[in-house]
Each structure stands twice: as C-alpha cells, then as structure tokens.
Amino acid sequence: QVHLVESGGGLVQAGGSLRLSCAASGRTFSAYYMGWFRQAPGKERESVARITWSGGTTSYADSVKGRFTISRDIAKNMIYLEMNSLKPEDTAVYYCAARDVTHYEYYYWGRGTQVTVSS
C-alpha cells in the first residue's frame, strides 16, 4: 500500500523560507511523476511543481518559478519542496502526489501540510 506523508509546513513571515518533505513508501516509484500541489481556502487545487523520480526532470508553475525547488532523494524515498521568498498568496495546504508516467491524473495523495505566510 502506497503512503505519502508530508511534513515541514508552518507559519512564516513574507520573504521567509520553508522546506516541505514527503516520505514515500509502499512501492517502487522509478516510472513515476512526483508532484507538489496546493489548495488555498476557496480556491481550486493547483499544481506547484513536478519531478520525474528516475531522471529528476522538473517543471514548475509560473507563480513559483525561481522561488521554489523540487528535488528527490532516491535512497531515502523522499521528495522535497524548498520554498524561498514566500508570499502571503503562497498560503495553502500543500499536498504530495504521485502517478505513473502512463496516467494523466495523480492517484496517490498525501494528507497535506499547512503553510501560512503572514504579511
């Protein structure tokens, strides 16, 4: 059974930094995309960043390019999201997710971790 468990959220002032972690377990993720999503109150969930587990190829939403960095540690089965220059509009619940490369929709999800950026 696949488990994705996020950690590292919290309260930070605008301009600050946080690093989110996602512990992945339950299967081999070699042919998977691992993603970070977020959902702010009253808004739809949006994709933040994505990384291929095997090759480490990354992509980002325009709103976080240059500020956020996604990475993975294959040996530890961990996904990270380094968030710098945080803005109040980054406030949301952040979710880790996974899907294999043959699917379009993510189908493994963590429970999320709250990130709150104060102005």
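Begin by selecting Asp90 and Arg38, both of which are buried (buried means under 20% relative accessible area, exposed over 50%, and partly exposed in between, with a 1.4 Å probe and protein chains only). For Asp90 the relative accessible area is 1%. This is a predicted model, in which local features need pLDDT of at least 70 and side-chain atom pairs count only at pLDDT 80 or more, whereas totals for chains, interfaces and linings use all residues. Residues are numbered from 1 along each chain as its sequence is written, and side-chain values use heavy atoms, with hydrogens and water left out.

Keep this pair selected and display the side chains: Asp90 and Arg38 meet in a salt bridge of 2.9 Å, taken from N to O (a salt bridge is a side-chain nitrogen of Lys or Arg within 4 Å of a carboxyl oxygen of Asp or Glu). Because Asp90 lies in the loop between β8 (78-83) and β9 (92-100) while Arg38 belongs to strand β4 (residues 32-39), the pair ties together parts that are 52 residues apart in sequence. The strand names come from DSSP runs numbered from the N terminus, where a strand (E) has at least two residues and a helix (H or I) at least four.

The structure holds four salt bridges, and one of them is found by selecting Lys65 and Asp62, whose closest N and O atoms are 3.2 Å apart. Asp62 is exposed, with a relative accessible area of 65%.

Finally, switch to a cartoon view and look for an open sheet of four strands, which has the order β1-β3-β8-β7 with antiparallel pairing (two strands pair if DSSP finds at least two bridges between them). At the edges stand β1 (3-7) and β7 (68-73), each with a single partner strand, so one side of each is left without a neighbour in the sheet. Select β1 together with β3 (residues 18-25), and you have two strands that pair in the antiparallel sense over five bridges. Within this pair, Glu6 stands opposite Cys22 in β3.
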